[in-house]
Amino acid sequence: MKDRYERYLAEREAYFDRIRGLGRRDFLKASGLVAAAALATGKVLPHSFQPVDVVRADAPEKSFRFAYISDSHLYEKTLNERFVRAILKAVDDVNAMDPQPDFILYGGDLAQLGQPKELEEGAQILKALKAPVRMMVGEHDWYLDMGEEWRRHFGKDTYSFDHKGVHFVVLNSVIVEDYWTAPKMTPMERMKAMAQLDNPNGRPFTVGEAQRDWLKSDLTKVKPETPLVVFSHSPLYKIYKPWNFWTDDAEEVQKILAPFKTVTVLHGHTHQMLSNRIGNIHFHGMLSTAWPWPYAPQGLPKLTVRMNRADPFDEFDGCGDGSVDVFRSGRVDKSYNLWSRNPIRVSAEYLDSDGASARPPVETDVNY
Amino acid sequence: MRLTRVLALAVLLGVIPLSVGHARAGGPPVPLPKGVPADLWELLVPPENPVTPEKVALGRKLYFDKRLSKDGTVSCATCHDPAKGFSDADKVAEGIGGKKGTRNSPTILNAVFNEFQFWDGRAASLEEQAKGPLINPVEMGFANHDEVVAVVRAAADYRGEFQRIFGREPTIDDIVAAIASFERIAVTGDAAFDRFLAGDAGAISESARRGWALWSGKSRCNTCHAFGQSTPNLSDNKFHNIGVAAKNKDFAALARRAASVKDPKELAFDPEFTELGRFVATKQPKDIGAFKTPGLRDVALTAPYMHDGSEATLLDVVNFYDKGGEPNPYLDGGIVPLKLTEQEKKDLVAFMESLTGQGSGSPTRPELQAPTAKEGSR
């Protein structure tokens, strides 16, 4: 905890230094530069545009794009309409993509408390998506009835598929050891315990031995040079155990993925921008449509470009959806479509270079 | 938070000694009405253009002078008329030859408190702003600023004044410096609400008092139209998409297109481009369809409302917010249905009506009107 507090103090100090160091004229200059330049003729001349999605001459050849929507945490809309509005906004976003993505990954936690009506509502909303949807399960979908209702709607929770030369694997990474049978918890008590962020009696997420065995056997038919993209609800590495920003057998899963040349893991659960690289594996977080989590006090990967805290008066701020560009090489660029902010792209080059090049632009709007 | 405002707050909180501001900008040449913080006013006057009585007088004359348009029919006051709350009571501005603009004329009252000028904020100062309409073909219509300067230089009645104040022949920078100086004293205050805050409980009606409570409560108006020491004009000086532009058909498609274009020049030729608001100035996707939060002092005088004048009355404005604005892909996340009762809506209107400046803070006070022939020939 100490390092975080010290960083906070350092940032605060830097902030006030900046204010003390600048005269009013400089402030105006800084805030008004763009505006000043645009005025000249009283007409609007578009210029000085810094496209977020810069196409570079040496950009790798793009193979295809898929989109994602994640962590909608739906209640019945008579209880909470806001999260319904948010997932509908994401569906609108994705349906407006031109060209359409090849498919859409749903990243888990469609429901808040695994209720049949919540899952039904979510399933109906996702039907409006024009492109095909690939589903992944989250703990909020699972622990009322151990996934029974979710599987009835969406089928298997662990599966793989091939798309344009890339092998995709979808895991259920929210398996925890049984801590509910002994104290005779009801299904709803179990669900509510699992729905807590900071549950002192909780257990860490795992992929588990059974799925690891399945994964090994699934990958036996895949060549090491075939690009691999893995979807997991929890990050397949360790950030902060008390919040389950964590997969307990992450190292064992990483070992199974290690022989492959290019591996990308996309995860939900953390509701924030997160980037990491471990060996040959690139990791990207997904945004939630419902709310952003603060960053955990420990364990943040150094490659992560942090998003600033959300404006509490803007229900969409810090939330969003996104897309992934897959290149012929199998590497991916990950785009965070942050509502109320400018989109941010985290490129394969940035992760490959260990942060030395192609650093994503951080939000410069001092409002955030 | 904008840095200017951070600085303003720092001064108000005593972090930066105010004497620095005094030394640089000088105090206001006229007493400021109640409700207008003099220290904030001073801070917002650029040190390179201190407000002096002479400059204000010159700026006032220029402001009301129709010779400052290509065909001699339009002055600043044509669209920013003191009799109409320094606006024009039209949906959109009308310039030379009856040409229509695309946006509602914003009031210049208390514009000194705006950190950005124009609905899309593309000018950072009142000086920069004043240069715009002079050469806008649908406003005052000059081809360039040289033409403006030529007109002023040719007018014998200005020659001595520019010499005396600026020590040279008129230049475009001196012209707008004078106009901006006049605009900076066009502050209003001493509204019924200011007297209420000062302790006169009976200064505003029961309904307006309920409206004030709603303002910062259920109706959430204060999210953007906050009232406080650093925001005496009830604006957060930011840009928000509340869906006004989305009333026009096809806005959603235009907005999606704007967000994905690689070269925004291709959008510049679209007649609907102006409806993209702040995006026009920044080219940042988050600014699509966002317009500046206007200040609300004297708002009862400046109907119709919104950047396109599309809401006729304050009650219409309240109804627009009550339904949660107009849905569009970039709608601000703070804009949600409010479920106000009819009485609550009336209370909010009553509160806004209590913000009209009076007495020494009235927008119709003599020193803000067109100069008389005698004053004009000084």
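In the predicted model, the buried residues of helix α6 of chain B are B:Leu126, B:Glu127, B:Glu128, B:Gln129, B:Ala130, B:Lys131, B:Gly132, B:Pro133 and B:Leu134. The helix spans residues 126-134 of chain B and is mostly covered, with nine of its nine residues buried. Over chain B as a whole, buried residues account for 52% of the 378 residues. The secondary structure of chain B consists of 17 helices and two strands. Of the contacts in chain B between residues at least 6 apart in sequence, 68% connect residues at least 24 apart.

Chain B is divided by the domain assignment into domain 1, made up of 53-187 + 363-376, and domain 2, covering 192-356. A distance of 26 Å separates the C-alpha centres of domain 1 and domain 2 of chain B. Contact between the two involves 23 residues of domain 1 of chain B and 23 residues of domain 2 of chain B. On the side of domain 1 of chain B that touches domain 2 of chain B, eight residues are nonpolar, eight are polar and seven are charged.

A helix pair in chain B was also examined. Helix α11 (residues 206-215) of chain B packs with helix α16 (residues 342-353) of chain B at an angle of about 100 degrees, and their axes are 7 Å apart. Angles of 65 to 115 degrees count as roughly perpendicular, so α11(B) is roughly perpendicular to α16(B). From α11(B), the contact draws on B:Ser207, B:Ala208, B:Arg210, B:Gly211, B:Trp212, B:Leu214 and B:Trp215. The residues contributed by α16(B) are B:Glu344, B:Lys346, B:Asp347, B:Leu348, B:Ala350 and B:Phe351. Sorted by class, the contact of α11(B) with α16(B) comprises seven nonpolar, two polar and four charged residues.

B:Lys247 lies in the loop between β1 (239-240) and α12 (251-260) of chain B. With 16 other C-beta atoms within 10 Å, B:Lys247 is partly exposed, because a residue counts as buried at 20 or more such atoms and as exposed at 12 or fewer. Leaving aside residues up to four places away in sequence, B:Lys247 touches B:Ser310 and B:Glu326. The C-alpha atom of B:Lys247 is separated by 19 Å from that of B:Pro294, and these two residues are 47 residues apart along the chain.

Chain A contains ten helices and twelve strands. Of its 368 residues, 43% count as buried. Among contacts in chain A between residues at least 6 apart in sequence, the share joining residues at least 24 apart is 71%.

Six strands of chain A form an open sheet with mixed pairing, in the order β4-β5-β6-β7-β9-β8. Its edge strands are β4 (159-163) and β8 (275-278) of chain A, each of which pairs on one side only. From one strand to the next, the twist averages 20 degrees. Within this sheet, strand β7 (residues 263-267) of chain A pairs with strand β9 (residues 281-285) of chain A in the parallel sense, over five bridges. One residue pairing concerns A:Val265, whose bridge partner in β9(A) is A:Phe283.

Definitions and conventions:
Residues numbered from 1 in each chain as written. Chains lettered and ligands numbered in written order. Predicted model: local features only at pLDDT ≥ 70, side-chain atom pairs only at ≥ 80, totals over all residues. Helix = DSSP H or I, 4+ residues; strand = E, 2+ residues; numbered from the N terminus. Pairing = 2+ DSSP bridges. Axes fitted to C-alpha atoms, helices over the stretch in contact; angles between N-to-C directions. Contact = placed C-beta atoms within 7 Å. Parallel < 35°, antiparallel > 145°, perpendicular 65-115°, else oblique. Nonpolar A, V, L, I, M, F, W, Y, C, P; charged D, E, K, R; others polar. Domains from an automatic or database assignment.
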